[in-house]
Amino acid sequence: MSLTPEQALEQAALAGIHRLRIPTPFAVGRVNCYLLEDEPLTLIDTGPNSGKALDELQGQLARRGHSIDDLELVILTHQHIDHLGLVEILVEHSGADVAALGLAAERLAGFGEEAEREDEFAVELMLRNGIPQEVAHALQSVSRSFRGWGARAEVTRPLEDGQAMPFRDRTLQALHRPGHSPSDTVFWDEERRILIAADHLIAHISSNPLIARPLDGSQRRTQALANYIESMRKTREMPAEIVLSGHGEPITDHVALIDDRLAKHERRKEKIYTLIAERPRSGYEVAQALWGNVAVTQAYLTLSEVIGHADLLVNEGRVREVDDGEVVRYEATG
Ligand SMILES: [Zn+2]
């Protein structure tokens, strides 16, 4: 019998892991941060950089008898601003160490310019895949307008994939699980079978594997969905009883959830193959055939979905990319 989400939260709390739900200005709603009452006193993710988020974080910490000055360690699960925007302010107040994937340290430290480069990369990718200029540039402005909710983070404890993090009462193992973002890192308490997974796995929404710039700064884009599927397969093998997510409720049957997600991607891949087999199409044309004219803010998301699945078809040798110098189109090889 697996636990209910409520029981899972209770069990996590008994293990000293408390969910704090912090508001964000984004469509996803609140973000889950986790307070780890251990030594060092640790906060896993911070919420976005806003007065409202800070107020609520302070309030929720106070309810457990802590203030932000008491924090000794902040762990960042990945590079998205809804998860890390308050890190600079928290470190200023507390002097806490910041732990995050070492591979992401440069990206996190250079937040402003890196975000700008991220946006330029996205515009270029959108244009190359047939998205109209006005849509690509509108999306760039939207992204810039969100910049203030982020912040730079100086990583003082860079983590390697597989590294053990000792606390007084437990050991967490940091595991790199790229896909949703290139820096996604999950934290595994093997003894208690609790996995702190952030956006790697979310119960009520599928974690969008957004196409991103690789962390090593190279210009080739990531195969976000291919990476994500590989990451999910690794997580599937773990004997987790409770998976704590970055949004929404805990997951108590991660194998069933992952199987469901893998099957969904398989179906979507075949649907996209059918569209490409009809005639060569750009990523944008595939997205339009699937979802029609979506809102501007959804354009990058849907393009990432299409490219991610097309990557799988290219990797299988069923589809190839044809570049006419302006736009990349996918065509069936068979
Ligand atoms: Zn995220």
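Visitor: What makes the arrangement of the 4 donor atoms around the zinc ion irregular?

Guide: The angles between these donor atoms run from 87 to 174 degrees. Four donors count as tetrahedral if all angles lie between 85 and 135 degrees; four count as square planar, and six as octahedral, if opposite donors are over 155 degrees apart and all others between 65 and 115; anything else is irregular. The model is a predicted one, in which local features need pLDDT of at least 70 and side-chain atom pairs count only at pLDDT 80 or more, while totals for chains, interfaces and linings use all residues. Residues are numbered from 1 along each chain as its sequence is written, and side-chain values use heavy atoms, with hydrogens and water left out.

Visitor: How do you know which residues are the protein donors of the zinc ion?

Guide: A donor is an N, O or S atom within 2.8 Å of the metal (3.2 Å for Na, K and Ca); water is not among the atoms, so sites may look incomplete. His 78 (NE2), His 80 (ND1), His 180 (NE2) and Asp 199 (OD) lie 2.2 to 2.4 Å from the zinc ion and therefore qualify. Along the chain, their spacing reads H-x1-H-x99-H-x18-D.

Visitor: Why is the pair His 180 and Asp 199 said to tie parts of the chain together?

Guide: His 180 sits in the loop between strand 8 (171-176) and strand 9 (185-189), whereas Asp 199 sits in the loop between strand 10 (194-198) and helix 8 (224-236), so the pair links parts that are 19 residues apart in sequence. Helices (H or I, at least four residues) and strands (E, at least two) are DSSP runs, numbered from the N terminus. Both His 180 and Asp 199 are buried.

Visitor: Why is Lys 269 called buried?

Guide: Its relative accessible area is 4%. Buried means under 20% relative accessible area, exposed over 50%, and partly exposed in between (1.4 Å probe, protein chains only). Lys 269 is therefore buried. This lysine belongs to helix 9 (residues 254-278). Residues up to four places away aside, Lys 269 touches His 309, Leu 312, Leu 313, Glu 316 and Arg 318, where contact means heavy atoms within 4.5 Å.

Visitor: What makes Arg 193 partly exposed, and is Arg 221 buried or exposed?

Guide: Arg 193 has 36% relative accessibility and so counts as partly exposed. Arg 221, at 18%, counts as buried. Arg 221 lies in the loop between strand 10 and helix 8, and its contacts beyond four places in sequence include Phe 121, Leu 125, Ile 307 and Tyr 330.

Visitor: What makes the phi of Arg 193 and that of Asp 45 worth noting?

Guide: Most residues other than glycine have a negative phi. Arg 193, in the loop between strand 9 and strand 10, has a positive phi near 55 degrees. Asp 45, in the loop between strand 3 and helix 2 (51-63), has a positive phi of about 70 degrees. Asp 45 is buried, at 2% relative accessible area.

Visitor: How do you know that the peptide bond between Glu 39 and Pro 40 is cis?

Guide: Its omega is about 0 degrees. Most peptide bonds are trans. Pro 40 lies in the loop between strand 2 (31-36) and strand 3 (42-44).

Visitor: What makes the contact of helix 6 with helix 11 a nonpolar one?

Guide: The axes of helix 6 (residues 111-128) and helix 11 (residues 299-315) come within 11 Å and cross at roughly 65 degrees. Helix 6 contributes Phe 121, Ala 122, Leu 125 and Met 126, and helix 11 contributes Tyr 300, Leu 303 and Ile 307. Ala, Val, Leu, Ile, Met, Phe, Trp, Tyr, Cys and Pro count as nonpolar, Asp, Glu, Lys and Arg as charged, and the others, Gly among them, as polar. The contact accordingly has 7 nonpolar residues, no polar and no charged.

Visitor: Why is the crossing of helix 6 and helix 11 called left-handed?

Guide: A crossing is left-handed if the near helix is turned anticlockwise from the far one by less than a right angle, and right-handed if clockwise. Axes are lines fitted to C-alpha atoms, for helices over the stretch in contact, with angles from 0 to 180 degrees between N-to-C directions. Helix 6 passes helix 11 in the left-handed sense.
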